[in-house]
2 protein chains.
Amino acid sequence: MLAEIAATRGLDLRDDNVQILLTKTVREAGKNNRFAGGSLPLTPRWPVVMDALREPVEFKALASVLNRHYPPDHELLVLTTEDYPPEGGDDIRVRDVAHLGADVLVAVIPSLPILDAHRDPRTLQHIVARLRASDGCPWDRKQTTQSLRNALIDEVYEALDAIDAGDMDNLAEELGDLGLLIMMHAQIAEEAGHFTLEDVYEGITAKVIRRHPHVFGDDSNHDDLDVVGLWKRVKAEEKAAGKLSSTEKAADGQPRSMPALTRAARVLQKHPLTPDQPAPAGPGGEMLAVIAGIIAAGDDPDAVLRDALNQYVSESD
Amino acid sequence: MLAEIAATRGLDLRDDNVQILLTKTVREAGKNNRFAGGSLPLTPRWPVVMDALREPVEFKALASVLNRHYPPDHELLVLTTEDYPPEGGDDIRVRDVAHLGADVLVAVIPSLPILDAHRDPRTLQHIVARLRASDGCPWDRKQTTQSLRNALIDEVYEALDAIDAGDMDNLAEELGDLGLLIMMHAQIAEEAGHFTLEDVYEGITAKVIRRHPHVFGDDSNHDDLDVVGLWKRVKAEEKAAGKLSSTEKAADGQPRSMPALTRAARVLQKHPLTPDQPAPAGPGGEMLAVIAGIIAAGDDPDAVLRDALNQYVSESD
């Protein structure tokens, strides 16, 4: 019967991948809405069949779940007790689900075509793979790990600008740009046989779980928890087990590619220039000496240079 | 019958969320394996029921699909024609699926508990939400958009170190660390009612599709495609439609938070110091003058400062 009702809307449940979703799962996911991200591994790209919904709390839970995964005007098909015996059920938009009144016997949520299923993380992954494939985009196909290197820097500083400006709409956009770059790097790595995006997820997810035994393990005495001490212990265990493959850092413990001025400030803060240890000769040494003077005066070399630069730029306008 | 066979392995298909997966979908996803990321929105967190697999190409496709989503020793339950009439079917590990011989009438893939389903992107999202919830981790709960600001810088330069060292294992790890930060920022934003991770995906996915009409639209004459020109046109249309919410950049067109030395080099390259336009007074101006000299000599100020710093650090050891 369900298949026949669905067929009146052009859905062939016998010839499509289908998700069968239990009401109790939806109810659970709707409980603590702002902390419910990732709790339901639903995809809008395959149709969903659900069983009975009877209580307002269930309609609200379903609404919050659907809002996360679907656009607000996506239509689902519900069959209520009032429609019984069925003539075909009612269509209702995602945005109206919270206000459903009558008991729902069954609901069918049609799938979105992949190019419309923007809220599923696998859609962006697919799109990136598509752009890199032989009939993809010439520009994207030309990119390499190296050619996308500096884009990471630019996108991160754009995200920082959004944070500093308190512009949350822009932060959402910049986080998306960064996420796209991660997917591009993973796709390029997969083509070369190095690793997949799923390998990336596996590594970081296992690491985060491993580093939180006080949340995910038995070891959950929260009150006087020394989180930093705990992390040090877990990291030492990881190192002993060979689980960390950190690229060797520069002698001063900072990433090698960190901007030289940032690194210089961190190093000179710890090891100030002395008559026994002067700056090397040449223009690099001259800069070090100026930087050391700025630090000795209690200022931030990056901010001092930025101020001078702003002054220079505004005067040259 | 299927439900009963599954029940012998402790699976209750009538009391679980279930994915019904068609062989033709698996076959399609297995076609172009290194470009198949995201093509199948499967989750390892819900059991899968599949129908008949008969040809070697289908076993191979299934193997590549399962390898993406499951650990290699995950066991699925297959019922082959040789088992018919069924006594309960056979268990087979994901790593052995490619070598299946006999016709498969039906296969059931049991789900992984959420804390073991590391290869699903929603698991990390859930874990981050869990760490931020009231019974989560004290350290994670204390973080803010601002407190995580500098972690973005550090992680990006660690990713660049991995790229520069050609260390792909480490790149996978650093991309994961960056991905985790994106999810932390999105979770914090969701709690404050600004945006969700799904909003981030929606924005970037719609943008990438919009910017590739030559791939996803009708206008797909690939041969003499001017991709850069096309992007400029699409971006102008986006700007006119108010779709881009870029935070205002500094007067020189660079992100404001970009390291001052990088920005100074870019600005002085375009607008060299002249007698009419000298550097401002003070230590910031002194640095500008040194930087201008380095650029005039055809060198990269960042590299010159880094070399001097390395020399200083090695001498102070």
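In the predicted model, Ile20(A) stands opposite Val18(B), a residue of strand E1 of chain B.

The contact between the two chains involves 153 residues of chain B and 153 residues of chain A. Together, chain B and chain A bury about 14300 Å², and carbon and sulfur atoms account for 66% of this area. Polar interactions were also examined. Between chain B and chain A, 53 residue pairs are in polar contact, counting pairs in which both residues have pLDDT 80 or more. On the side of chain B that touches chain A, helix H7 of chain B (residues 168-191) supplies the largest share, with 20 residues. That side of chain B comprises 77 nonpolar, 38 polar and 38 charged residues.

Salt bridges were considered both across the interface and over the structure as a whole. The interface of chain B and chain A contains 18 salt bridges. One of these links Glu173(A) to Lys207(B), with a distance of 3.8 Å between the closest N and O atoms. Over all chains, the structure holds 40 salt bridges. Within chain B, a salt bridge is formed by the side chains of Glu58(B) and Arg27(B), with an N to O distance of 3.0 Å. Because Glu58(B) is located in helix H3 (residues 56-69) of chain B and Arg27(B) in helix H2 (residues 23-29) of chain B, this pair ties together parts that are 31 residues apart in sequence.

The domain assignment of chain A comprises domain 1 (2-113), domain 2 (121-208), domain 3 (211-243) and domain 4 (260-315). Taken over C-alpha atoms, the centres of domain 2 and domain 4 of chain A are separated by 34 Å.

Technical notes
Residues are numbered from 1 along each chain as its sequence is written. Chains are lettered from A and ligands numbered from 1 in the order in which they are written. This is a predicted model: local features need pLDDT of at least 70, side-chain atom pairs count only at pLDDT 80 or more; totals for chains, interfaces and linings use all residues. Side-chain values use heavy atoms; hydrogens and water are left out. Contact means heavy atoms within 4.5 Å. Buried area is the accessible area (1.4 Å probe) that two parts lose on being put together, summed over both. A salt bridge is a side-chain nitrogen of Lys or Arg within 4 Å of a carboxyl oxygen of Asp or Glu. A polar contact is a pair of N or O atoms within 3.5 Å; within protein, one must be able to donate a hydrogen and the other to accept it, and residues adjacent in sequence count only if both atoms are side-chain atoms. Helices (H or I, at least four residues) and strands (E, at least two) are DSSP runs, numbered from the N terminus. Ala, Val, Leu, Ile, Met, Phe, Trp, Tyr, Cys and Pro count as nonpolar, Asp, Glu, Lys and Arg as charged, and the others, Gly among them, as polar. Two strands pair if DSSP finds at least two bridges between them. Domain bounds come from an automatic or database domain assignment.
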